[in-house]
Amino acid sequence: MSDRYMVEPDLKAVKELTGSGAGTLKKCFQCATCSVVCPLSGDTRPFPRKEMIYAQWGLMDRLAGNPDIWLCHQCNDCSLHCPRGAKPGDVLAAVRRYSFTKYAFPKFMGKLLGDAKNLPYLLAVPIIIMIILLASIGHLNIPEGEIVFSKFFPLFYVDALFIAVSMFALLSAGIGVLNFWKDMNKSSNLWVPSMGLFPSIISTATEIFGHNKFKDCGVNKDRYNAHLLVFYGFVGLFITTNIVLVLVDFLHVETPLSLIHPVKILGNVSGIALFIGITLVVLNRLKNKDITSTTSYDWTLIGMIFALVITGFLAELTRLAGIAFLAYPIYFIHLVAVFYIIAYLPYSKLGHLLYRTVAMVYSKYSGREH
Amino acid sequence: MAEEKSILVVGGGISGITTAVEAAEVGYKVILLEKSPYLGGRVAKMNKYFPKLCPPSCGLEINFKRIKQNNNIKILTQAEIENISGQAGDYDVTVKLSPRLVNEKCTSCNKCVDVCPVERSNEFNYGMDKTRAIYLPHEMAFPLRYVIDSDVCEGAECGKCVEVCDYKAIDLDMKPETRNIKAGSIVYATGWKPFDAASIENFEYDKQPNVITNVMMERLAASNGPTKGKIVRPSDGKEIESIAFVQCAGSRDENYLPYCSTVCCLASLKQAIYVREQYPDSKVYIFYIDLRALGKYETFYQQVQKDENIIFHKGKIAKIAEYEPTDDLIVEGEDTISGNKIKEKVNMVVLATGMAPSIADSKIPSDITYDEFGFVFNDLQKAGIYAAGVAKKPVNVASSIQDATGMALKAIQCVRR
């Protein structure tokens, strides 16, 4: 061993990991069964065996800037075959959770989102902002006549609020991702560029849209459908929202759109996809509860996605049914859920769509993968 | 010593024989029960002991001689306990004896085997070859008498062996028998059985003939084994150029055998020597999590390490696959020192499977307690019933013998009370 290395264990971080879903971490005895049974791990420096010892020893610098923790899609084949019940799948999930906090900007947001107990405060933020906003324009009442949500919450204000929130989330995400990229560069010692940056991005996008990695999973192969539906549900809703924004703010189309309007259909179909997808997510989690543990942190995001999709449909249905005293409050709650999803994306579990994508690009770009 | 009761020893392997002989030689009556038709148990199936690499046959022979010279030992083969009642100092034991169908007149002339038309899988060689329905368990069998496997024998309808036997040693009408035995104390020396390798996922043990277990390797290397001691791979009899030993095959694994059997590492080191002695150009790969060679056995490990064609990789094999279209195999693991995956192509694979307690599934009907793995819990507070050797915990032969000697003393203390 020519290179000497001073081990500086971050014991606080180890405690944090064991307290956030990686309670089985210390059971690992480094047999490396996990690295072999992992369907996503390659031949050179496979994971997750090395990540297990980094985590046991609190070598957080080797974990945070390590793209491998994101190449893991938590198939849980490792956890099933682990001779010690050390559940590497859960440990890597906890390490990713640690990363959300580490790369959060501003820092306190990471801390807030890192603990499920803070949910009331996080929900209070949009509620207070929206109440102040509605009060300032004198709209804190249920409007008379035909139900049109913009009578209650003018679309101009909705768009202004959510564009501001999205910009802030985008900025936070950008800073987080940039710091993550820097850390990956720092800890990478095998830079053999095999692919340009642009081809790496294209290749990553192809993988994500095809959900190829999920197809390779063994134990958790049912999650392919679940995650695919959730993913495309969100993509569809994202597209719908942006088209509506253009239609209303620039082309001055009146809302609500009719039910047979193509954009409305896209929105409704996406919503249904999201609902089925997130339901399957829950069923899979319950089915695999012996192999993987689910923390209140996981349930929080699942709960918020349920709240989002259910209030979305209920708002639509009560509006169509003409039940004003239900429709407007449900619409309000729906906006709270939308706020949660967008504003907190970089720090919540949804942030995986940033970090995992970037890690996948990086690993292709740096020659880590293939 | 008025009205002394016998000591009942259950199991005729090296531990049971030791307890029986040690107690008998100081004057106590011993009844030794054995489930199979011969004594010697697992040790009789070994090729050599580690670390001295001497054959177990001489040790067994000395013990058989001690038994023969001693009138205090009564041996019942093909015997199984049906019930135990009573208490320390006064047990009533019901024993079921299966018929051997061959009596004591047998001279082991082998004429019967030549005419027997039925074949059976040879349990002594772990199914790697066959015997006829009438057979001698192995050439050093004690008692040295043939036996008929009544599960496959066609009985009186065939009767060819009866016709050919010059000594009227074959009695196809022999019936099972039940006997009641009085015992003052009981020693369980029920030993172990190899862990079922077929239950291990990703190892293809039941699909690939060239994936064998360590106990099968002992038979392949033994001069009285199915290949007369020449180690060749089972599928095509090819000589060995490369071989992989997979340590902790199912062991230290909560999905299979959660504990360490303490002997498999040393057994593989020993078997690596078997291969290297027969094939000077061969490569032997040993994949391990931790190599456990405790105490004096570390010297043995160091000796084996000196051979540069025995290559050690720290990292467990988690996958074994066929290397098509040959009969070779690919073993896959991560070398945790380099941090890279290893996929080694080898001619055959030996799974270092551990020792499971023999009576884990068929517990003896009595009030003894077992530990979480099915080994007998030796409750020394509760006099009367003791366990010796591997019935109690996985240990090597030398430790079993020491333990069995100690248990002879415990049993004696109980019958003298």
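How many Å separate the centres of domain 1 of chain A and domain 2 of chain A, taken over C-alpha atoms? The separation of these two centres is 27 Å. This is a predicted model: local features need pLDDT of at least 70, side-chain atom pairs count only at pLDDT 80 or more, and totals for chains, interfaces and linings use all residues. Residues are numbered from 1 along each chain as its sequence is written, while chains are lettered from A and ligands numbered from 1 in the order in which they are written.

**Chain A overall**

- Chain A has 18 helices and zero strands. Helices (H or I, at least four residues) and strands (E, at least two) are DSSP runs, numbered from the N terminus.
- Along the principal axes, the C-alpha atoms of chain A fill a box of roughly 80 × 40 × 35 Å.
- Of the 370 residues of chain A, 41% count as buried. A residue is buried if 20 or more other C-beta atoms, placed from the backbone, lie within 10 Å of its own; it is exposed if 12 or fewer do, and partly exposed in between.
- Among contacts in chain A with a separation of 6 or more, 75% join residues 24 or more positions apart. Two residues are in contact if their C-beta atoms, placed from the backbone, lie within 7 Å.

**Domains of chain A**

- Chain A divides into domain 1 (11-102) and domain 2 (107-365). The bounds come from an automatic or database domain assignment.
- Domain 1 of chain A puts 27 residues into the contact, and domain 2 of chain A puts in 30 residues.
- On the domain 1 side, the elements giving two or more residues are α4 (60-64), α5 (68-71), α6 (77-81) and α7 (88-102) of chain A.
- α7(A) gives the most to that side, with seven residues.
- By class, the domain 1 side has nine nonpolar, eleven polar and seven charged residues. Ala, Val, Leu, Ile, Met, Phe, Trp, Tyr, Cys and Pro count as nonpolar; Asp, Glu, Lys and Arg as charged; the others, Gly among them, as polar.

**Interface of chains A and B**

- 18 residues of chain A are in contact with 16 residues of chain B.
- On the chain A side, α2 (33-37) and α3 (49-57) each supply at least two residues. The largest share, four residues, comes from α2(A).
- The chain A side divides into seven nonpolar, six polar and five charged residues.

**Helix α5 of chain B**

- Eight of the eight residues of α5(B) (residues 214-221) are buried, so the helix is largely enclosed by the rest of the structure.
- Its cover includes β11 (192-194), β12 (211-213), α6 (264-278) and β19 (348-353) of chain B.

**Strand β17 of chain B**

- β17(B) (residues 329-335) is mostly covered, with five of its seven residues buried.
- β16(B) (residues 317-322) pairs with β17(B) in the antiparallel sense over five bridges. Two strands pair if DSSP finds at least two bridges between them.
- I320(B) has V331(B) in β17(B) as its bridge partner. Six residues lie between β16(B) and β17(B) in their hairpin.
- β17(B) also pairs with β18(B) (residues 340-346), antiparallel, over seven bridges. Here L329(B) stands opposite V346(B).
- The β17(B)–β18(B) hairpin has four residues between its strands, and G339(B) in the turn has a positive phi of about 80 degrees.
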